[in-house]
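I opened the notebook to look up how aromatic rings pair within a single chain, and I wanted each term written down with its cut-offs.

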Amino acid sequence: MLPATPPAPGAYTPLARAYTHPSAPPSTPEGGPRAADPPVAGPWPDDRMSPLSARVVRVGERLRVPEYRVAASIAQLGLAARLWSVTLGAAALYGVFPEVTPASLRWDPALSTPDDLWWAGSATRPGTPEALREVVQYGHLVPLGEALRAAGPVSARLLWGNAGSALGGAVRELTSWARSHGRPDVAERAAALAAALLDHPDLSGTLQLPTLRRRTCCLYYRCPGGGLCGDCVFDRPPHGPPRRTAPGPGLAGGPSAP
């Protein structure tokens with residue numbers, strides 16, 4: 001969800017800045033590794049760091065995870081889940097969705113959900129797969145992934161797997177809502193939109209159909225105390241006995257960015 005009213009002025013900037021500002025943060029004052037390189041758990045970010053790198057550092061610190069790829073994955077998954085849920089939900093319910101462009105969507109990477117994002121726009125787009133793909137996939141997920149990969153080592157396939165998982169989570173939530181409210185039409189529209197969106201080289205094959213179980217892992221299990229998501233490709237962590245299972249993203253929160 002996005003806040004209903006604009007927050008007080010502060011560190012909010014257009015999300016577009018996270019995609020275009022140089023992503024690699026500077027070296028630490030002590031001469032240690034850059035915060036965007038493994039390990040992530042360095043000093044808190046300062047004004048010289050890009051918003052996206054600042055977010056990855058904060059996610060790494062709050063989850064106590066030392067690997068850049070893990071922190072970057074969880075940060076991206078959180079944003080992808082927010083973008084898909086807001087747009088797909090509106091499209092399935094009303095036939096239109098808010099045009100949350102990178103320029104109109106304001107972001108404070110120091111805050112956690114739902115207070116980190118607010119929409120400064122008012123325009124809507126028709127709730128079609130083509131419009132959803134243009135706004136979310138091309139407008140956000142492509143430049144977001146490019147910026148994260150420019151800042152440190154993280155797999156493009158993993159990030160697209162996160163995007164597919166977030167989309168599947170939005171479908172699950174909408175289906176659950178539709179059943180409890182007697183609106184099968186909403187569930188049908190959500191499923192049809194998602195199927196069309198998944199019919200793209202970047203997203204195709206990210207989920208096992210019709211179960212919506214993902215084919216890659218977001219790496220949440222590598223966080224101290226982390227487990228497997230409800231839609232994880234693994235039945236147990238790759239190294240070790242079965243551990244507690246977290247809900248899949250969108251199903252009941254999932255491993256979203258702190």
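I looked for aromatic pairs, in which ring centres of Phe, Tyr or Trp (its six-membered ring) lie within 6.5 Å, and I found two of them. The model is a predicted one, in which local features need pLDDT of at least 70, side-chain atom pairs count only at pLDDT 80 or more, and totals for chains, interfaces and linings use all residues. Residues are numbered from 1 along each chain as its sequence is written, and side-chain values use heavy atoms, with hydrogens and water left out.

I began with Tyr-12 and Trp-118, whose ring centres are 6.3 Å apart with planes at 70°, so I noted the pair as edge-to-face (planes under 30 degrees apart are stacked, over 60 edge-to-face, the rest tilted). This pair links distant parts of the chain, since Tyr-12 is in the segment before strand E1 (13–14) and Trp-118 is in strand E4 (residues 117–119), 106 residues apart. Strands here are DSSP runs of E with at least two residues, numbered from the N terminus.

I then checked burial (buried is under 20% relative accessible area, exposed over 50%, partly exposed in between, with a 1.4 Å probe and protein chains only). Tyr-12 is buried at 18%, and Trp-118 is buried at 15%.

I turned next to Tyr-221 and Phe-234, with centres 6.2 Å apart and planes at 85°, so this pair is edge-to-face. Tyr-221 sits in the loop between strand E7 (213–214) and strand E8 (228–229), while Phe-234 sits in the loop between E8 and strand E9 (245–246). Tyr-221 is buried at 12%, whereas Phe-234 is partly exposed at 32%.

Technical notes. Helices (H or I, at least four residues) and strands (E, at least two) are DSSP runs, numbered from the N terminus.
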